[in-house]
Amino acid sequence: KASSLLATVQQIFTEFQDQVAVFNQSTYDPVDPETTDFVRDYKAFFDTVCNLDDRLSTVLRQALDDCSGPQAVFKLLDIFGSVINRPIVHEHFVDKLPELISTMDEYIDQNKFIYDEQQAESADEWLPYRRKNMPVVSGTLNWSQELRDRLKGSMTRLKQLNHGALEGAEAMTLFNKFEEMTEMLAQHDESIYKNWTKDVDDISKVNLEHPLLVRNDETMLLSVNFNPQLVSVLKEVRYLELRSNGETIPPEATAVYSKHETYRKYLSNLDLIVAWYNEVRDTVLDVEFPLIANQLEEIDSQLEQALTTLTWASEGVWEYIEVTRDKVHDLQQRVQSSKNNVDQILHLMSKWADAPLFERKDGKNDTT
């Protein structure tokens, strides 16, 4: 059907150009009061244009009937542009306004259904939706903002039509429903944000007082002790700042985020320390352990501070990390180098098994 409508529009344009060509090819003087040729051509042109406008109106009505929603309707109106203001076309379009109001009403109901569905499927009452690749709170706020923008954009375009039909009872009911929906989304956002802000200061303070590392008492392996809640706070603040919607971010969360590059540097180097240390613990054999016992004991003594007293909020953390990283890396490199050397020796010795050390010559007995 779309191709048929397009063909009709192209045919209308061709006929319009033909009518314009009549004036371009004329030889008479249009301002000459004694000639009636211009009046004749103008009347023919006017009648043809009216007919073309009527056919364009038919195309517009058919296209409007095929629109899937308000957004498609307003996109169609953008395509028609100023043609929509031509008297005949505008008259036909105005007849479709009640249907547009009804379509917009259904559109608000659809968005309300989406909202209710997300609320119902939520495992947590105050977090109805988690947007992919975004933290929970800012992802939820972003989702509701997109829902609000969809409604607001279509409603703004509808009001810009500025017609008397928008002052009727149905239109007023529609506008009230829109206000109720936007108010509900605003209350939803406020609830989400308040639930997050009431705990974020405590989360930031408490978790920054944790030691840098923790040790598994059974395996003696290390892990970085940066609480996932702190990671969540950093992500939330970052995305909330990008939103720039006027939310007041708690000062403690802002203070934590102001040092996010510092924490990133800490984490990347602590991850290296943990990886190298655990590699040594995991790969050294029992018979090899005495060879590195003294060095490992020295490193464990160095690590004790990170396991007990040194926290993310302490002074001198970076200097400590640099010293510890170099010590652990030195041990890991020497252990790995030794293992590589042993592997190389075993590889060379394996070739000796390809041939015996002594061979017996044919025909010779053992005493010869």
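Does Met220 count as buried, exposed or partly exposed? Met220 counts as partly exposed, because its relative accessibility is 30% and that class covers what falls between under 20% (buried) and over 50% (exposed). Keep in mind that you're looking at a predicted model.

**The largest pocket**

- The largest pocket holds about 560 Å³ of space.
- Its lining is made up of 21 residues, and the ones nearest the centre are Val9, Leu56, Val59, Ile79 and Phe80.
- Three helices each give at least two residues to this lining: H1 (2-24), H2 (37-66) and H3 (70-80).
- H2 has the largest share of the lining, with eight residues.
- Sort the lining by class and you get 17 nonpolar residues, four charged ones and no polar ones.

**How H1 and H2 pack**

- The axes of H1 and H2 are 10 Å apart, and the two helices pack at an angle of about 170°.
- Angles over 145 degrees count as roughly antiparallel, so H1 and H2 are roughly antiparallel to each other.
- Where H1 meets H2, the contact has 16 nonpolar, five polar and three charged residues.

**The largest nonpolar core**

- This core has 44 residues, and the members that touch the most other members are Leu212, Leu213, Leu303, Trp312 and Ile321.
- H10 gives the most to the core, namely eight residues.

**Back to Met220**

- You'll find Met220 in the loop between strand E1 (213-215) and strand E2 (222-224).
- Most residues other than glycine have a negative phi.
- Met220 has a positive one, near 65°, and it isn't a glycine.

**Residues to click on**

- Lys327 sits in helix H12. Its relative accessible area is 31%, so Lys327 is partly exposed.
- Lys327 and Leu296 are 31 residues apart along the chain, and their C-alpha atoms are separated by 9.8 Å.
- Pro251 belongs to helix H9. With a relative accessible area of 63%, Pro251 is exposed, because the cut-off for exposed is over 50%.
- Between the C-alpha atoms of Pro251 and Asp201 there are 7.8 Å, while the two residues are 50 apart along the chain.
- Glu167 is in the loop between H6 and H7. Its relative accessibility is 64%, so Glu167 counts as exposed.
- How far apart in space are Glu167 and Val280, C-alpha to C-alpha? They are 78 Å apart, with a separation of 113 residues in sequence.

Terms used
Residues are numbered from 1 along each chain as its sequence is written. This is a predicted model: local features need pLDDT of at least 70, side-chain atom pairs count only at pLDDT 80 or more; totals for chains, interfaces and linings use all residues. Side-chain values use heavy atoms; hydrogens and water are left out. On a 1 Å grid over the protein atoms alone, a cavity is a set of points where a 1.4 Å probe fits but cannot get out, and a pocket is an open set with protein on both sides within 12 Å along at least five of seven lines; lining residues have an atom within 4 Å of a point. Grid points are joined across faces, edges and corners, and a volume is the space filled by probe spheres set on the points. Helices (H or I, at least four residues) and strands (E, at least two) are DSSP runs, numbered from the N terminus. Ala, Val, Leu, Ile, Met, Phe, Trp, Tyr, Cys and Pro count as nonpolar, Asp, Glu, Lys and Arg as charged, and the others, Gly among them, as polar. Axes are lines fitted to C-alpha atoms, for helices over the stretch in contact, and angles run from 0 to 180 degrees between N-to-C directions. Angles under 35 degrees count as roughly parallel, over 145 as roughly antiparallel, 65 to 115 as roughly perpendicular and the rest as oblique. A nonpolar core is a set of buried Ala, Val, Leu, Ile, Met, Phe, Trp, Tyr and Cys residues joined through side-chain atoms within 4.5 Å. Buried means under 20% relative accessible area, exposed over 50%, partly exposed in between (1.4 Å probe, protein chains only).
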